[in-house]
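Visitor: I'm new to this structure and would like a close look at one part of it. Could you walk me through the nonpolar core, and then show me how the chains around it meet?

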Amino acid sequence: MEAESPSGVAGKAAPGFEPKIVAFCCNWCSYAGADLTGVSRMQYSPNIRIIRVMCSGRIEPNFVLRALELGADGVLVAGCHIGDCHYISGNKEAEKQIARTARLLEILGVDKRRLRLEWISASEGQKFANTVNAFTKEVRELGPAGYGRK
Amino acid sequence: MKDVLVIGGGVAGIQAALDLAEKGVKVHLVERTPSIGGRMAQLDKTFPTMDCSICILAPKMADCADHPNIIMHTCSEVAGLQGEAGDFRATVLKHARHVDASKCTGCGKCAEVCRLKGRIPNEFDFGLRKRGAIYLPFLQAVPRVMNIDSKKCIFLTKGKCGEKQLCKEACERGAIDFDQKDETVTLDVGAVIVATGFDLFDPSGMFEYGYGRFQNVRTAMEYERLICASGPTGGHLEVEPTKEHPGSMAFIQCVGARDLRLSPFCCSVCCMYATKEAVLVKEHYPDTDCTIFNVDMRALGKGFEEFVERARDEYGVRFLRARPGQVTEDPATKRLTVWYEDPASGKVTSMEADMVVLATALVPGAGVAQLAKALGIELDESAFFKVRDPLMSPVESTRPGVFIAGYCETPKDIPESVAQASGAAARAFEVLKRKGGAAHA
Amino acid sequence: MPEEKAQGAGREAQGKEEGARDKGVGKDGGENPVPLSASPLEPSSLAPCALRPAPCRIGVFICHCGSNIGGIVDVPAVVEYASRLKDVVHAERNLYTCADDGLTAIKTAISKHGLNRVLVASCTPRTHAPLFRRTCEAAGLNQYLFEFVNLREHCSWVHMREPARATEKAKALVKMGVARARLLERQEEPVLDIEPAAMVLGGGVAGLSAALSIANQGFPVHLVEREPELGGMAARLHRISPTYRNAREVVGPVAEAVSAHPDIRLHMPATMTDLSGYIGNFEVTLSTGEKFRVGSIVVATGADELRPDGLYGWGQLKNVVTQMELERLMAAGPFTRPKSVVMIQCAGSRGQKVSYCSKRCCFTAIKNAILLKEESPDTEVHILHNEIHVYGVAFEKEYRRAQELGVRFSRYSPEKPSVSEQNGRLNVNFYDEGLRRERDLPADLVVLSTPLVARPEAEELSKMLKVPLGQDRFFFEAHVKLRPVDFATDGIFICGTAKGPTNIGECVEQALGAASRAAIPLAKGRVRVEAITSRVNTDTCRGCGRCESECDYHAISLVPVNDAFGNRLVARVNEGLCKGCGKCSSICCNRSISLRHFTTPQIMAMVEAALEEG
Amino acid sequence: MSAEKEAAVKSTKAYYCVECGKCTGICPVSRGLEYSPRRMVKRALEDPELEFVRDSQIWNCLTCKLCSGVCPSGVDYIDFIRIVRSRAHAQGLSGSCSQGGQLSTMARMMASDRLAQGRNFWTEGLEVAEKGELMYFVGCLPYFDTVFEDLRPDTLDIARSTVKVLNAAGIRPVVSPAERCCGHDLLWSGDVESYRALARQNIREMKRLGVKTVVTSCAECYRTLSRDYKEMGADLEVKHISQLAGELLDQGKLKVKSSGKKVTLHDACRLGRHTGVYDPPREVLRKVAELVEMPRSGPAASCCGVGAFLTCGAHSKRIQVERLIEAGAAAPVLVTECPKCQIHFKCALRDKPVPGAKLPELEIIDLSSFLARNLEAGKP
């Protein structure tokens with residue numbers, strides 16, 4: 001599998017490359033966590049675009065795939081911690097769907113690191129900031145995903 | 001229908017207020033501090049599910065703020081209650097906040113410029129963080145309105161604050177109002193629900209554990225703030241002076257409780273929260289050694305016994321059946337030694353700990369006697385509000401039309417407080433419906 | 001690069017849908033109902049607007065929030081950018097959009113510019129959406145045609161050191177919001193009428209208390225008890241801790257009050273045999289054949305005492321009894337007081353037959369020990385325990401009183417004691433942790449403190465009610481901390497030992513709590529349900545059943561229909577139960593079910609806008 | 001526009017329609033949804049600007065080609081639909097993809113020039129070549145197992161089995177990591193541009209590897225490669241595995257044993273009516289099993305209910321249920337020759353049963369899998 005580079009279609013990041021990151025956050029935990037990040041004035045990279053859904057269980061594989069196809073360099077999916085789902089078990093569904101999506105990315109040859117699933121509670125403002133910063137850094141190092149920029 | 005007065009903005013008061021408001025009853029929610037939320041807002045996680053405490057509470061707090069039937073009176077106290085069930089007149093003393101709640105957005109710019117910024121211990125974090133004279137009690141405070149500490153504010157205490165009042169200048173909405181005065185309002189209500197919660201026993205007086213003298217001896221509530229992601233250390237447990245996370249921790253139970261010298265009763269929640277706190281340590285730092293010292297592990301609720309087992313078997317928390325007799329400190333390293341009788345050998349043994357957490361007793365609030373007097377209700381010998389019959393009338397105070405909910409009635413955990421609060425709301429509603437709340441008392 | 005174009009969007013707008021409220025044009029006609037944007041075709045908006053072209057008129061309001069947003073983000077630039085976005089007919093900025101003047105500006109613009117979508121870019125929807133939604137409604141714009149963009153918590157406050165990039169991001173966020181706004185649909189919040197009556201299952205202490213409170217709150221109650229008499233387990237006790245009142249005296253008055261209450265109808269002996277419906281409209285059928293409708297249900301069916309078969313010689317050795325059997329002996333009147341009584345705690349619980357602590361056995365043993373001691377001070381009473389689980393004020397006090405009266409407490413550990421018969425007398429053998437040696441205690445009577453266990457009927461009842469049981473087979477509440485007497489299913493509540501072992505005072509507290517909660521919908525008379533629920537396109541639904549089995553709220557059921565597609569099953573959403581998580585929508589294999597207000601085209605439009613250059 | 005329309009009308013002989021309605025009479029979609037092949041054509045003829053492409057009806061057609069099979073005027077309805085869809089696509093319209101559209105998104109992603117897939121993880125233990133004259137075109141099989149995880153379609157077994165059959169005959173096929181989706185679904189969804197990008201890349205890759213013959217285990221790949229790639233300038237010999245296996249059996253290079261099972265065969269639209277391959281699968285099957293034909297077979301075979309993962313709905317379910325009952329009455333084993341047919345049938349079989357309608361206990365297996373299980377052991 002060596003030849004089938006795990007780092008995606010494109011090569012190294014050009015200097016000054018700023019990745020585009022789309023995030024899907026559930027309303028009750030991670031969106032609220034992101035709010036807390038703001039309230040606490042913790043700073044993170046502005047590369048991220050958050051899309052609010054009521055529950056992480058609403059997130060379909062195609063949301064992720066489509067974002068990558070259109071030129072996202074990374075996709076972050078965030079929900080309540082397992083056991084804390086506002087809708088009982090929506091985040092378990094999300095876990096399943098995202099695991100499946102990650103396998104598809106592997107087959108497609110998109111680096112799995114471009115898709116990240118995190119459980120971020122409404123009180124984890126710092127974790128939200130850390131996650132975004134770490135993810136942005138990682139994706140920046142991975143370079144452009146290469147779709148959507150022809 | 002008459003309004004209802006709910007005293008106390010903790011989880012019990014919030015629940016009672018919401019239940020009644022949903023039924024179309026106007027509720028006056030009186031809270032002594034500047035924000036509702038109570039003790040539960042200060043907890044990091046809740047046992048046994050490890051839910052983030054503020055995350056599950058905050059929506060209820062927001063519901064209170066948004067509900068058209070709930071009128072919140074923060075910084076307020078009840079001073080008197082006249083009349084009878086179905087027709088009370090309550091006197092409420094509203095302390096000046098010196099901030100116009102209708103204008104303030106809680107942006108916090110005023111706090112940034114306060115001359116006392118970072119100089120006053122923050123009540124919410126037990127002084128582990130410092131605030132200014134103008135401050136938001138905590139990030140998720142409801143209402144999200146700044147508050148001026150009139151006892152500390154330079155302008156309010158000295159009549160002058162430097163060249164100009166920096167906070168007033170910083171506020172873009174002109175919300176700061178130094179002329180605001182305390183006021184007294186009278187409320188016509190049909191029923192009253194008392195849900196004033198508890199205070200924390202101060203273990204400074206117990207010389208044996210060294211709290212207040214040894215920096216690394218903390219109370220359990222301080223620990224909750226320290227381990228909380230939005231707490232003063234961002235959830236990093238730090239040992240003085242190294243600022244490293246502890247390699248070994250001891251949790252000492254029943255500090256001031258089940259103690260005939262202090263509080264003879266069992267607080268009913270400490271065994272479980274200590275277990276939770278130890279599990280939290282293990283989640284943060286799996287290699288930290290955790291020992292819980294207690295005599296009876298009272299895991300009496302659904303899933304509690306299983307939670308304790310998991311703590312022991314999966315997380316490796318050690319439970320020792322002993323109450324330590326003493327904690328000592330190495331003055332050089334600040335490392336602690338816990339002395340106890342080993343249950344297996346019967347011999348005095350010691351263990352070293354980087355941090356000791358004291359499960360201090362949760363005791364009736366300091367103001368209960370005064371409040372009981374104001375409301376004309378009785379206290380029991382432990383200073384909890386007395387109920388008419390602990391079996392069949394567990395929410396009725398000794399005065400008809402006044403109901404009790406939560407820890408202020410007798411020690412209990414969050415779900416029992418919530419259930420009882422709803423129960424008190426049911427009884428209050430019965431009074432409003434004039435069908436007699438005491439049909440079988 | 002070709003776009004995915006509104007896949008699914010067409011489908012969501014076409015076909016027959018459950019409930020006509022999705023369809024239909026706004027009353028004013030100008031407020032275009034079913035999605036969409038007019039004009040030039042753009043990927044996500046396409047299919048729907050193709051079907052019903054109507055102009056989309058979006059108003060954008062950008063808040064400075066004093067300097068909170070305005071101090072970082074170049075608000076005028078964002079306004080200028082927004083005004084150039086397609087379908088945006090008005091864009092302005094406000095110092096505080098949430099202040100009175102800001103709200104007035106929104107209302108004015110709605111009428112002046114004929115806006116049919118409003119977008120506010122300010123703080124977080126989690127606190128401020130209700131305010132702006134109300135404002136839109138007040139101006140005659142359906143609240144679901146409002147879109148919120150978070151420029152403060154998610155932009156200015158987190159990018160304070162990068163104003164230029166924060167401004168770029170703000171533009172992108174506004175563009176995403178506009179993209180979604182175009183596809184927003186008006187929604188009517190369904191209102192369900194509530195049958196103003198309740199049913200209480202179980203006539204024990206909890207059920208009686210709940211029924212009486214609901215009736216006293218002014219609502220008729222159907223009380224269903226399986227036994228021919230009221231009182232439940234408590235009525236069979238002798239005296240009750242901590243007040244030591246006679247059980248009959250405690251329970252009797254409530255049972256009488258319930259029997260005499262004009263608004264309480266007793267069904268006894270009877271059980272529920274069938275249940276359908278949802279909050280506000282449950283249809284109940286009893287074993288007696290009676291049928292009635294109720295708006296809410298309280299479950300108070302109690303628990304059983306564990307039968308300690310095979311433990312400590314119970315059932316084989318004479319004079320080995322359970323605490324309950326001892327109560328009956330004592331209640332029956334004077335019996336020959338044994339010289340020596342040994343009580344064994346956790347008999348069957350905490351790892352023996354069940355894993356949990358039954359919470360009440362310690363204070364029950366202490367109470368019975370005290371009663372024995374008080375009546376016969378010479379009787380030796382020994383309580384063997386692993387830990388004494390009394391709690392709170394009163395029980396802890398009773399523990400001390402028992403000690404004062406000479407009741408002996410010994411801690412066995414680690415093994416549980418064993419009971420045998422020696423020379424016609426019982427002998428209890430255990431390892432005494434305090435003495436650190438094995439001991440033999442002779443006894444005339446051995447009393448086993450056995451736990452409460454869930455009733456076997458709970459299984460069937462849980463299926464009928466569609467509410468869960470926990471691992472221990474007791475009913476499982478909606479949330480162990482904050483919803484202790486609710487079920488996740490709206491309109492059904494739980495209290496007493498059916499939920500888990502507890503004492504009588506707490507049973508009553510829970511019962512009153514459940515009575516309060518159960519009376520809320522009854523008092524409201526109608527409940528408005530958030531319009532964020534799922535809808536089914538019955539033309540495409542295959543009836544595979546995946547949504548039905550995955551829905552945590554049992555809000556979806558497959559119903560048989562016979563139509564052009566033959567005899568088949570179709571998913572139907574019960575809006576009374578649907579909570580709007582959208583899981584069904586993401587697992588449906590062919591997009592036949594979609595979540596209102598969070599449709600795939602709406603979300604995709606945001607994704608597309610987020611990644612579009614410029 | 002009108003020139004484009006005229007060309008479509010001409011190439012599909014739409015003008016020959018005598019409005020007899022036979023097409024509607026046999027159309028499986030028309031039995032549930034409002035749909036008529038000929039009326040669709042009629043509307044096109046009367047609509048100078050092809051405005052009717054906005055009508056969602058154009059997405060209802062399964063393109064199964066039953067209509068053309070009975071059309072007395074020989075109108076190529078499905079080609080017409082394909083042209084109409086490409087027109088609709090150009091206007092930004094599309095039908096509803098099943099599985100949330102993820103399959104078409106991935107297909108479009110595969111059109112990227114610098115793709116580096118990890119699609120060959122399943123070849124372990126099999127003899128495959130990097131270069132050579134005979135290529136096994138695997139298609140989307142590696143993706144299906146994951147996308148349809150819940151159905152347990154085991155589509156990779158089809159791929160493994162195909163290679164096993166070839167290996168048994170001493171053939172080491174080329175299996176290329178750079179292979180892309182053939183583009184079939186995009187083509188039939190009207191996204192001609194993406195289809196062409198995929199086709200160009202596949203053709204270029206095959207050229208690079210020196211491929212002369214391509215074998216497929218998928219009826220849709222077969223149709224696309226053998227018919228549509230020609231228009232893209234491909235010079236390839238394309239064989240469905242049933243054809244190649246038939247030849248190898250005839251030549252004695254492949255040896256099989258009888259399973260002793262009674263089976264029935266579902267003709268895939270793309271193999272049967274689209275390309276006329278009816279007999280090869282039957283000949284192969286008869287060597288390993290007792291083949292019992294269903295009442296509707298060969299040119300009359302029913303569709304599996306879904307085309308291009310595009311038209312799934314209640315009508316699909318009805319078509320599938322009918323077909324499954326028909327198959328169950330014929331034999332306990334249903335053999336498919338297209339992995340997509342297998343997925344659709346397995347899906348219908350897994351669905352919650354309609355009260356009163358009993359679906360048969362049916363084993364559904366792909367031709368390649370079935371063949372591989374009945375290979376004669378030892379070297380041929």
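**Inside the core**

Guide: Let's start in the middle: the largest nonpolar core has 243 residues, and those with the most contacts inside it are Phe24(A), Val118(C), Val174(C) and Tyr136(D). A nonpolar core here is a set of buried Ala, Val, Leu, Ile, Met, Phe, Trp, Tyr and Cys residues joined through side-chain atoms within 4.5 Å. Buried means under 20% relative accessible area, exposed over 50%, and partly exposed in between, with a 1.4 Å probe and protein chains only. The biggest giver to this core is helix 7 (residues 163–183) of chain C, with nine residues. Helices (H or I, at least four residues) and strands (E, at least two) are DSSP runs, numbered from the N terminus.

Before we go on, keep in mind that this is a predicted model, where local features need pLDDT of at least 70, side-chain atom pairs count only at pLDDT 80 or more, and totals for chains, interfaces and linings use all residues. Residues are numbered from 1 along each chain as its sequence is written, chains are lettered from A and ligands numbered from 1 in the order in which they are written, and side-chain values use heavy atoms, with hydrogens and water left out.

Now zoom in on Val174(C). Leaving aside its neighbours within four places in sequence, Val174(C) is in contact (heavy atoms within 4.5 Å) with Val60(C), Ile62(C), Val78(C), Ala82(C), Leu85(C), Leu119(C), Ala121(C) and Val149(C). There is also a second, separate core of 124 residues, and Met40(B), Val395(B), Ala425(B) and Phe219(C) are among its members.

Helix 3 (residues 75–83) of chain C is worth a stop too: its buried residues are Val75(C), Val78(C), Val79(C), Tyr81(C) and Ala82(C). They cover an arc of only 160 degrees around the axis, so they sit on the same side of helix 3 of chain C; the arc is that of the directions from the helix axis to the C-beta atoms. What they pack against is strand 1 (58–63), strand 2 (88–94) and helix 7 of chain C.

Next, the chains. Among the five pairs that touch, chains B and C have the most contacts, with 75 residues from chain C and 72 residues from chain B taking part. Together chain C and chain B bury about 6000 Å², 54% of it on carbon and sulfur atoms. Buried area is the accessible area (1.4 Å probe) that two parts lose on being put together, summed over both. On the chain C side, Lys481(C), Leu482(C) and Glu509(C) lose the most area to chain B, together 13% of what that side buries. Twelve salt bridges link chain C and chain B, each being a side-chain nitrogen of Lys or Arg within 4 Å of a carboxyl oxygen of Asp or Glu. One of these joins Glu416(B) and Lys359(C), whose closest N and O atoms are 3.0 Å apart.

Chain D and chain A also meet, using 25 residues from chain D and 24 residues from chain A. They bury about 2200 Å² between them, 58% of it on carbon and sulfur atoms. Five salt bridges cross the interface of chain D and chain A, and Arg103(A) and Glu149(D) also form a salt bridge through their side chains (2.1 Å, N to O). Chain B and chain D, on the other hand, do not touch, and their nearest C-alpha atoms are 30 Å apart.
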